[in-house]
Amino acid sequence: MTVPVGELRVVDLRADYLVEPLGVERHHPRLSWRIESDGRNVMQQSYRIRASADREGNSLIWDSGVVDGDACFDIPYGGPALQSMQRIWWTVEIGDNRGRKAQSMTSWFEGGLIAPSDWQASWIEAEDEGAAADRAAGLQWIWSADPLDPAPHAFRLDFDAPADLADADILLAAKDNLLGVWLNGEALTLPDMVYWGSLLPVDGRVRAGRNSLCLLATADTTGFFPVDGGAMAALIRLHHANGDIERLVSGPQWRVRTDPPEGWTAAGFDVVGWAAAEPSASRAQGDPRPKEPGICLRTEFDTRGPVVSARLYATALGVYEARINGARVSDHVLAPEISVAKSHILYQCHDVTAMLREGGNALAFTIADGFYAGAFGWRMERYGFGPAPRRLLAQLRIDYADGSIEWVQTGSDWRIGASPVVESDIYGGETHDARLEQPGWDLPGFDDGAWRTVRVGQAPATQLIAQTSPPLRPTRTMRALSVTEPVPGRFIFDFGQNMPGWIRIEAKGAAGDRITMRFAELLNPDGTADQSNLRRADCTNHYILRGDPDGESFAPRFTYHGFRYVEVEGYPGTPTLDDIAAIVVHSDCRETGEMHFASPLLQRIWNNAMWSQRSNFFAVPTDCPQRDERMGWMGDIQVFLDAAAFNMEVDPFIRRFLMEARAAQRPDGAYPIVVPQPLSFPDVVTAGWSEAGIILPHGLWQRYGDTAVIDENWDAMEGWMAYVARNNPDHIWRNDRGLDLGDWLSVDAVLPDDETTPRILCATAYWAYSAQLMADMAWATGRDADAARYGALRDAIGRAFAAELIDGAGKAGNGSQCSQVLALFMALVPPEQRAAAADILAQEIGGRGMTLSTGFLGTPYLLDVLADAGKWEEVVGLMLQTTYPSWGYMPSVGATTVWERWNGDVGDLSMNSYNHYAFGAVVGFFYRRLAGIAPAAPGFRHIAIRPLWFPKAGAVSARYDSVAGLIATKVDGDEAGLSSLHVTIPANCTASVELPAGRWCEGGAIVEGQTVALGSGDYRFIRA
């Protein structure tokens, strides 16, 4: 809201690009605002910021005074350093070039728990007695003395089971390959899906008395990722008739030898001479114990007077849902979000003032596995980010009207009980048994006498950092387009759109009825759900009814899926379209871009990229939302940022991701390729992925005028540049290229990383590009000496590149499309060879029937390079191509999101995600070159409007809500060329509009085709 003064308004006040943020931890956040005015050529000429300790402005703590200039963002708060839990109210008054003034409404920002000493609560454990006993047994990852010995490793444990044995559980895991398991000489059947990060149950009959358990495994000595050795883990539970459980785990009591002799699995075999197993020297560090049920934690408290403010600060090692007096404290889900937990855990700040009652109150949490404790990565590692157990930390601050403060915080007085969440897992899904629900458990007065007192746990050795980036939350609800029953009792709901989230189901049935919901992107030929491309992710929810005659509803809380189809089995009766709704969930970044095309094909490509962005902006920018991955691949987001920052407001979201990248950076300066990643993953680099640590800050600066992001990443970026330079003195990146993926998933690759473009070219081009970006960012932040140094480095790499990787006639590398694109886009082709280089690229495209061959690294820049060279036939030919391989092929065969691979419908299903945004980077070209909205200065303070017109593509319109205000264009024409251009420029901005040669009319005036300088306002140019 604003107070209007004539036609001049000051709106959208932000601190660190956030509207009224809770939990700010920067002492001097950057302030910004926008100006709105109906007139033309409106510019701010001055501003004055006032900050106060109260809403009314009576307790002034900072007055900037009148500052001449048009700056409206990236302005540091200049008052005393923000303190913990302090709220600062602020306003801005501006003056414009017409002599008018306008005053904003009051806004605020509030500090989080900035100092570690602000946390006085205790971490409390959130596990049931069974899980606690499993953990206390002390399971170890074991192997022989040589973790990389390629020989088969035989493990054997001889043990005694009690005479009153009632049952036994055998759970095993072996890294990297489980070859066989024998119990008392009998070979046991291995699970259908074998992985090593979580213990797998193996069926076998343990008998009272003496038993032998044998296992054979090998370690990988070569692989796609660097190898690190073998490991084995085991947990055996022996159930006594009286209910007691005895536990045996992997440790030195196991015996191991390589290349075991004949008969080693027999019941009476003597292991004399075998070595005691040793702790594995591999990177296996997780706790592979089975999934744990959700846990409920609660406390009660009385308020002692009128409450004026209440804040809940909470986090978990696991995932939590917080409730006060029977209601959720917010619509945020799956908190805390994934992070590099060895460095930091995110906590959330909730304003719960309105939720507290006079008298008795209840504060309650449900804790589940989440990202921290659940199976994660294709190795399915439980506790892959840090040690068990799950834990909760929370403190509630209550401010009373009399000025006093009270804290309610987690500690030894809290109570712990069972939850109806039988198990949950990010990949696997959630099982909810409604018969186990305890009505009123989250209300004051609940009888928790049967619950036990919690155990206070160990505080993790990590930082606590407030999450101020957009949270995960439901953003929309969708209904299925159809429901079918391809097999009796199995109903398929087709939502017509691939999406992230889950479903809510309504049902009425008998207690104990079990409804199973399977999520999928594909259908089998028989019409049932096809989950074959999900790999180890079960993506299945179960709901067990409590038998409520009025009906009941279920939606999961601690998992999510990527899906278009849901198969429902076990439903009591016949479900209808009204019984199920899809809940779309993602990081709630404000959508800022919108495009409309006359071409249905281009519209579908844009729609698909937007849906892939929604699907994969999930806590961090992930690769996919459905299979056993869902990880923050750095290369995917660096190529997609251009498109992403048009579609959505991404500055806070990407800055949070960059915090993860810095936390994961190696001591030698190397950025990883995935963040966050489980601790067992190797710390590897690769060109085009690791450079996200430089490309992302540069991109945010350009889009949002945010120089703070440069400052907070500068040291890390310098570390990366030093890493590359250290062993490459001749300015060709020959050494230390790590995984070296190259132009990943290019068309000609048989295997995903086949070298269809010289990897040395890809790497060196990105080194040069990074050096140029570093020079640009250094100039922008006053680091003049650094700017000169990086400019000189860029020139040196350019000379070396031209000498070694360009043949003198414009051919880069092997002449592949990616070779030509990277060399041209990154300005590495000498000027006299640029035309020839573009001709080679165009000829290569034409020789393939007007199709592309690029992968992840070459595709984002392909159309820009062609357009810059005037290769219009190739630009429009590729854009509108619908045969494989092309952007248009995907929607032409029914895709509703962007695929991971150009041939996703026929390729290897283990590498076939149908929801991957990387190839959707073409949308950036749509905004900048078709709609003509491109930044010519950071934050779009100056806009370059140079739309390309292609009669075959037709009219295009776009709206982009930039940090400076709304920018809009409508582009139309005919066979003769561009005929109409409608432009909206926000106040306090200018634009350069490039019109084709000829006479144009605007507002009754004649304009000759040229570059026209414009101020703010609406303009419509019509060809005369």
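Leaving aside its neighbours within four places in sequence, which residues is lysine 175 in contact with? In this predicted model, the partners are Trp143, Trp196, Thr218, Asp228, Gly229, Gly230, Ala231, Ser282 and Ala284, where contact means heavy atoms within 4.5 Å. Lysine 175 belongs to strand 14 (residues 165-175); strands here are DSSP runs of E with at least two residues, helices are runs of H or I with at least four, and both are numbered from the N terminus. With a relative accessible area of 1%, lysine 175 is buried (buried is under 20% relative accessible area, with a 1.4 Å probe and protein chains only). Its side chain reaches the backbone oxygen of glycine 229 at 2.5 Å.

A few notes on reading the model. Residues are numbered from 1 along each chain as its sequence is written, and side-chain values use heavy atoms, with hydrogens and water left out. Because this is a prediction, local features need pLDDT of at least 70 and side-chain atom pairs count only at pLDDT 80 or more, while totals for chains, interfaces and linings use all residues.

The predictor's confidence in each residue, pLDDT, runs from 0 to 100. The chain has a mean pLDDT of 96, and 99% of its residues reach 70 or more. Over residues 1-5, though, the pLDDT is below 50, and this stretch has eleven contacts in the model beyond near neighbours in sequence. Where pLDDT is low, the predicted coordinates should not be read in detail.

Now for some strand pairs; two strands pair if DSSP finds at least two bridges between them.

| Strands | Sense | Bridges |
|---|---|---|
| Strand 1 (residues 8-15) and strand 3 | antiparallel | six bridges |
| Strand 3 and strand 7 (residues 75-76) | antiparallel | two bridges |
| Strand 51 (residues 942-945) and strand 55 (residues 990-994) | parallel | four bridges |

Strand 3 (residues 30-37) is largely enclosed by the rest of the structure, because seven of its eight residues are buried. Within strand 3, leucine 31 is the bridge partner of alanine 15, and arginine 30 has proline 76 in strand 7 as its bridge partner.

Further along, an open sheet of four strands with mixed pairing has the order 50-51-55-58. Strand 50 (934-935) and strand 58 (1011-1014) stand at the edges with a single partner strand each, so one side of each is left without a neighbour in the sheet. Isoleucine 945 stands opposite valine 993 in strand 55.

Finally, helix 9 (residues 784-805) has buried residues that include Asp786, Tyr790, Arg794 and Phe801. Among the elements covering the buried residues of helix 9 are helix 7 (708-726), helix 8 (759-780) and helix 10 (817-825).

Terms used: Buried < 20%, exposed > 50% of the residue type's maximum accessible area, 1.4 Å probe, protein only. Polar contact = N/O pair within 3.5 Å; in protein donor to acceptor, adjacent residues only side chain to side chain.
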